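Here are my notebook entries on side-chain contacts. I went through ring pairs, then charges over rings, then salt bridges.

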Amino acid sequence: MSIPSTQTVAWIENPGQSGKLIIRSDASIQEPSENEVLVKLQHSGICHSDCHNVYGQGKYTEIPGHEGVGEVVKLGPGAKEELMGKRVGIKWLYSSCKECSGCKKGNINNCAKQSNTGRTTLGTLQQYVVAHGDFVTLIPDGVKSEVAAPLLCAGLSLAGGVSKLQPEVQPGDYVVIVGAGGGLGHIGVQIATIKGYKVIAIDGGAEKEKLAKEMGAAAFIDFTKQDVVQAVKDLTDGEGAHGVICVAGSERAYEQATELVRNNGVFVCVGLPPSTYMFPMSPIHIANRGLVIRGSSTGTAEQMDELLQLAKEGKITPKIEVFDFEESPKIIQELNKYEVTGRKVVRAPA
């Protein structure tokens, strides 16, 4: 296929408090370099963390996005020839060093020297995306591109997050997911339910309650109407949940979520409040209560493959809405206001 000289992208103007996403049709197309591939995008999910790019909350590139699915149309030097023409997923993890102790154990998601799509390399909200050939994920036949896209971050983040509950939290135990109706949370409800946990979903509004229960939640607590701490204790013999996964990225959510876990329980941090915000619990309380605090930004390559297989079998079904690429700026604004239920995906321009 012929590759044009310019392309349409979603570009950040003035990243910071007044930053905004605009659609440009005059952007250049990158050439894949050593071990890289060029991917013609089909669909990309848009994540709440893409708001960090737009509003200057950290160092990011001018093009956000890290949930891209498309076809490999060009190989850089050294890239595997068998990737040509394949449908692949481009994830948050652009590459890892392959040499540190974490990488050697398979924990490439926690490599200290990793590069990230949309953070250190241009993101997936463009027609043609460069990716590292060793770190793209092959998308199996039977999984639609628009379904696979949100699994590459939202799904994988929660696959990683749910895995962090073990070994302390066992099937049949109570797990609270804070932010259960959002793009990450609703997939987390499905994953945790499949793993055998009794999920208590926390979010706001009837629409998110409906979604969380469709995904398998045993109970739903509306934080806008209920005393969340008391409601969780009422459902868990007065002790709190065995595990809590905080997917919401607000400071308020973290401050309340620490009160939902029982002694000797596990608290998993997934949501991303501003980097200046510190974990809202004293080490004295953590020590006295015997709590385990873990972090999870994304999952492993093995968890990604398992997730796609579950999607192929129809056991994981993310709630998605597909929009034209030109809707990307509006979606970012909605995400920044926490107005999105499920996951919004854009289709790439032809």
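**Entry 1: ring pairs.** How many aromatic pairs does a search of the whole structure find? I got two. Before going on, I noted that this is a predicted model, so I read local features at pLDDT of at least 70 and side-chain atom pairs at pLDDT 80 or more, while totals for chains, interfaces and linings use all residues. Residues are numbered from 1 along each chain as its sequence is written, and side-chain values use heavy atoms, with hydrogens and water left out.

My ring rule: rings of Phe, Tyr and Trp (its six-membered ring) pair if their centres lie within 6.5 Å, with planes under 30 degrees apart stacked, over 60 edge-to-face and the rest tilted.

Tyr254 and Phe267 have ring centres 6.1 Å apart and planes at 45°, so I logged the pair as tilted. Tyr254 sits in helix 7 (residues 251-257) and Phe267 in strand 14 (residues 261-269), so this contact ties together parts 13 residues apart in sequence. Helices (H or I, at least four residues) and strands (E, at least two) are DSSP runs, numbered from the N terminus.

Phe267 also meets Phe279: centres 5.4 Å apart, planes at 80°, so this pair is edge-to-face. Phe279 comes from the loop between strand 14 and helix 8 (283-289), so the parts joined are twelve residues apart in sequence.

Tyr254 is buried at 3%, Phe267 is buried at 1%, and Phe279 is partly exposed at 28%.

**Entry 2: charges over rings.** I counted NZ of Lys or CZ of Arg within 6 Å of the ring centre and within 35 degrees of the ring normal. Arg24 lies over the face of Trp11, 4.5 Å from the ring centre. Lys40 does likewise over Tyr128, at 5.7 Å.

**Entry 3: salt bridges.** I found 13 salt bridges (a side-chain nitrogen of Lys or Arg within 4 Å of a carboxyl oxygen of Asp or Glu). One of them joins Arg294 and Glu168, with the closest N and O atoms 2.9 Å apart. Arg294 is in strand 15 (residues 292-295) and Glu168 in the loop between helix 3 (145-163) and strand 10 (174-178), so the parts tied together are 126 residues apart in sequence.

I also looked up Glu334 and Lys344, whose closest N and O atoms are 2.7 Å apart. Both Glu334 and Lys344 are buried.

Definitions and conventions. Buried < 20%, exposed > 50% of the residue type's maximum accessible area, 1.4 Å probe, protein only.
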